[in-house]
Amino acid sequence: MTLQEAQPITTLLDTRTVQSIADEVWPSLVGDGEAFVPVPVPPPGDVVSAWVDIIGPWTGSVVVTCAPATAEALTESVLMTRPPTVVDAEDVADALGELANVLGGNIKSVLPGESRLGLPQMGVAPPHGRLDDVRSLVGQWRGNFLTITVQGAAPAPHAERDEVPL
Amino acid sequence: MKILVTDDSRVMRQIVIRTLRQAGYDDHDIIQAENGREAFEMVGAEKPDLVLSDWNMPEMTGIECLEALRAAGSQVPFGFVTSEGSPEMREKAANAGAIFLIAKPFNEDTFKDALDGVIA
């Protein structure tokens, strides 16, 4: 336990900052005229996530979540593929991971103190910690559900005592 | 001119190469490496005129690659293209001998600003 608890992300990062980072990242990475629109749409039944961890005075993850079909469409847009070229699962993991990586790098740069950025990962989003340590932007890309979540790490489970009761 | 683009993401290597072309640097040989170690070896084998490298990569990071190159006596022009552009990283990059650091997201103008005068 540290003497001074880290501040939750809700006090370190506002929604407007995350949106302004997304406003820069989308046209550069996803394509000209593309945008993350912070207007929620109903979530799909199945989702995939890509994320990067930030380790420093604030520790957590920057997570991008969307439907598998949206991840595929994002990849096609990033790679500017045209039929009959198709993207494979490796391309999708790479493209969604890079989106999380660039968002994460920019979010890291506005957080206080020196931090380290992990490598992109893809799968089921990691669990988050305290509810006040989550900054989430629920929105859409081309009308499809997409969220950008900046979430504190879940506390490590308490170590089991292996003492034998007397 | 031969340019070595280093990034563990194939997608990002493709975007960097596309942006180089959009910025007008379209008549150069482009070679690619997936991490710092591969880039270090390719500098020796391929003798590129410029290295554009990501920072955060498995095996060997971009900054470790640059430090290893300088320790081995290579003075190949080296610039970072990375998702992190904090003042601390820019200082670390400059101290290690990098000539620029382009922070992602970037566009062709960002590339022109950094590369004009570096790429003939």
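This is a predicted model: local features need pLDDT of at least 70, side-chain atom pairs count only at pLDDT 80 or more; totals for chains, interfaces and linings use all residues.
Local features need pLDDT of at least 70 and side-chain atom pairs count only at pLDDT 80 or more, while totals for chains, interfaces and linings use all residues. Residues are numbered from 1 along each chain as its sequence is written, and chains are lettered from A in the order in which they are written.

## Secondary structure of chain A

Chain A holds four helices and six strands, arranged along the sequence as α-α-β-β-α-α-β-β-β-β; helices (H or I, at least four residues) and strands (E, at least two) are DSSP runs, numbered from the N terminus. Its C-alpha atoms fill a box of roughly 70 × 35 × 30 Å along the principal axes.

## The side of chain A that touches chain B

Contacts link 21 residues of chain A with 17 residues of chain B. On the chain A side, α2 (15-30), α3 (68-79) and α4 (89-110) each supply at least two residues, and the largest share, 12 residues, belongs to α4(A).

## Chain B

Chain B has five helices and five strands, which follow the pattern β-α-β-α-β-α-β-α-β-α. Of its 120 residues, 45% count as buried, and its C-alpha atoms fill a box of roughly 35 × 35 × 25 Å, taken along the principal axes.

Note on methods:
Two residues are in contact if their C-beta atoms, placed from the backbone, lie within 7 Å. A residue is buried if 20 or more other C-beta atoms lie within 10 Å of its own, exposed if 12 or fewer, and partly exposed in between; C-beta atoms are placed from the backbone.
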